[in-house]
Amino acid sequence: MRVIDHHIVGTGGAGGRSSDVFDPNTGKVQARVTLGTQADLDRAVAAAQAAQPGWAATNPQRRARVMFAFKALVEANMDELAHLLSSEHGKVIADAKGDIQRGLEVVEFACGIPHVLKGEYTQGAGPGIDVYSTRQPIGIGAGITPFNFPAMIPLWMGAVATACGNAFILKPSERDPSVPVRLAELMREAGMPEGIFQVVNGDKEMVDAILDHPAIGAISFVGSSDIAHYVYNRGVAAGKRVQAMGGAKNHGIVMPDADLDQVVADLSGAAFGSAGERCMALPVVVPVGEKTAVALREKLLPAIEALRVGVSTDAEAHYGPVINAAHKARVEQWIQTGVDEGAELVVDGRGFKLQGHEDGFFVGPSLFDHVTPDMQSYKEEIFGPVLQIVRAKDFDEAVRLPSQHQYGNGVAIFTRNGHAAREFAARVNVGMVGINVPIPVPVAYHTFGGWKRSAFGDTNQHGMEGVKFWTKVKTITQRWPDGSADLPRGSEDGGPSRIQDAFVIPTMG
Ligand code: NAD
């Protein structure tokens, strides 16, 4: 059986605990991943400590060159990486390539790191005084990532962290760890010094070791909200800088004037793509007014029936299996909860079997209507191919629904009315807004982050927010007196004496 090990300097840490990695298409175990310990982390940290000062002292242009080379290598290996990703995650190949591509766009941003690290300068902030600020790396940072984007999310963090001069230790999801390890290997091949981009595999034991390790200064986490909150609290209590992104329940508001054919096409992909296992999926649709609700439901039904669920290598499939058997059972349980709560189950995706792949973790598409905000199945994230219709009577109610939900990751509005769209974007209590864009994932040079229980901490992923997270600002106030004019000043010319100067907070203006 293939063993997926850490990518730590000079070791193979195999032995001890390990965990199954499945092929979700077949339901069979295809590899085992090593679950690391404190001792494995200590080795990674020691290697990071040895390498980081030299890397930080490497000029930013040379650091950027590693990013350029890495980007070329990932592109050259795109097919291999996409197949590997798809075989452990279950998303279709085109989607797996999208996962890698969105990560590469952050690498492209990191190629410009010399420009964004330039800092600020004020000449003559006071008499003979200049003030400048620089951004210096934190030292050693860690990333803890979820299963659903095993390429993109490690690169959100790792590309920016390392380009800024940090050493980065990644703890990927134990459910699909092969691509993160491959990315670390390709980083090395691209010229990244040993010890700067490492991978430790593991579960809670490794996460806790990271949270408590005194040499790790910053932690970026993405995963479910309860774990995000836990990571945030424990990391901050240990004196670290922490950003922790959590779950989501994104709403798509459909105004009466929306182009319904376009909305249905957008919703099919946004609700069911990647089997709904995206934090920016649109699992809730909110038609405004009864007429819109009736027309939308009528058009949604044939679109859902036309969805093709297949193995992840099926080029015709819209989506593949979910990640594992436990998750399949959880999604099906949520569907039952919806039924028990009184929502109308219009399409039931439970019990779906794909011929020839009866043990695969497939869930058919499901559609609920007449879902209401008091239902548990509305309040919680299902993270599966389940779309819920929540009918709103007017625009105000449509703004209120996502605004009052515990999650606030993304939201979309579909309309032809610019004023309504503008008003919605201004008022809604959610971090990322799409206007006729169903999945408003910001481009790499903007930043990604939700509100409320979708993110703990105060900086977003990638873009300038990422650079802020992975660096500390140092502000230098300097004065270079003219050595040739070493004359007493102060009392002689009527001003304060040097001794008096030293006892007051200087004002420069
Ligand atoms: P998860 O919370 O189960 O796991 C995330 C990471 O935490 C993994 O590395 C895992 O090993 C670790 N972990 C799991 N249980 C832990 C515990 N008890 N203590 C310490 N660490 C633990 O999440 P997942 O199922 O891998 O990913 C899906 C979730 O991630 C969804 O909720 C989804 O919305 C969310 N997500 C959010 C974003 C975002 O940017 N907001 C992006 C992608 C995914």
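**Figure 1. The ligand lies between domain 1 and domain 2 of the predicted model.** The ligand lies between domain 1 (2–246 + 456–471) and domain 2 (251–451) because both domains give residues to the shell around it. The model shown in this and the following views is predicted. In total, 26 residues surround the ligand. Pro146, Gly223, Ser224, Gly247 and Cys279 are the closest of them. By class, the shell around the ligand consists of 11 nonpolar, 10 polar and five charged residues.

**Figure 2. The protein chain is divided into two domains.** Domain 1 is made of two segments, 2–246 and 456–471, and domain 2 covers 251–451. The C-alpha centres of domain 1 and domain 2 are 30 Å apart. The UniProt record, an unreviewed entry, places the feature "domain: Aldehyde dehydrogenase" at residues 17–476. Within residues 17–476, 42% is helix and 20% is strand, and the end C-alpha atoms of the span lie 49 Å from each other.

**Figure 3. Contacts between domain 1 and domain 2.** On the domain 1 side, 28 residues are in contact with 28 residues of domain 2. Helix 3 (78–89), helix 4 (93–110) and helix 16 (463–469) are the elements that give two or more residues to the side of domain 1 that touches domain 2. Helix 4 gives the most to this side, with six residues. The side of domain 1 that touches domain 2 has 10 nonpolar, 12 polar and six charged residues.

**Figure 4. The largest nonpolar core and the surroundings of Val160.** The largest nonpolar core contains 82 residues. Val160, Ile210, Ile219 and Val231 have the most contacts inside this core. Helix 6 (residues 152–163) supplies the largest share of the core, nine residues. Not counting residues up to four places away in sequence, Val160 touches Val106, Ala110, His462, Gly466, Val467 and Trp470. A second, separate core has 57 residues, including Val254, Tyr378, Phe383 and Val428.

**Figure 5. Phe368 in strand 14.** Strand 14 spans residues 366–369 and contains Phe368. Phe368 is buried because 25 other C-beta atoms lie within 10 Å, and the cut-off for a buried residue is 20 or more. Val346 is 22 residues from Phe368 along the chain, and the C-alpha atoms of the two residues are separated by 5.5 Å. Val346 is also one of the residues that Phe368 touches when residues up to four places away in sequence are not counted.

**Figure 6. Ala275 and Lys452, two residues with positive phi.** Ala275 is not a glycine, although its phi is positive, at about 55 degrees. Ala275 is found in the loop between helix 10 (260–272) and strand 12 (284–287). With 33 other C-beta atoms within 10 Å, Ala275 is buried. Lys452 is not a glycine either, and has a positive phi of about 55 degrees. Lys452 lies in strand 19 (residues 451–452). Lys452 counts as partly exposed, with 19 C-beta neighbours inside 10 Å.

**Figure 7. Ala56 in helix 1.** Helix 1 covers residues 38–57 and includes Ala56. Ala56 is partly exposed, having 18 other C-beta atoms within 10 Å. Pro137 and Gly165 are in contact with Ala56, leaving aside its neighbours within four places in sequence. The C-alpha atoms of Ala56 and His446 are separated by 25 Å, and the two residues are 390 residues apart along the chain.

**Figure 8. Ala215 in a loop.** Ala215 is found between helix 8 (204–212) and strand 9 (218–222). Ala215 counts as partly exposed, with 14 C-beta neighbours inside 10 Å. Val45, Gln49 and Ile140 are touched by Ala215, not counting residues up to four places away in sequence. Of these, Gln49 is 166 residues from Ala215 in sequence, and the C-alpha to C-alpha distance between Gln49 and Ala215 is 8.3 Å.

Note on methods. Residues numbered from 1 in each chain as written. Predicted model: local features only at pLDDT ≥ 70, side-chain atom pairs only at ≥ 80, totals over all residues. UniProt positions renumbered as here; feature names shortened; annotations may be inferred. Helix = DSSP H or I, 4+ residues; strand = E, 2+ residues; numbered from the N terminus. Near = placed C-beta within 6 Å. Nonpolar A, V, L, I, M, F, W, Y, C, P; charged D, E, K, R; others polar. Domains from an automatic or database assignment. Core = buried A, V, L, I, M, F, W, Y, C linked by C-beta atoms within 7 Å. Buried ≥ 20, exposed ≤ 12 C-beta atoms within 10 Å, placed from the backbone. Contact = placed C-beta atoms within 7 Å.
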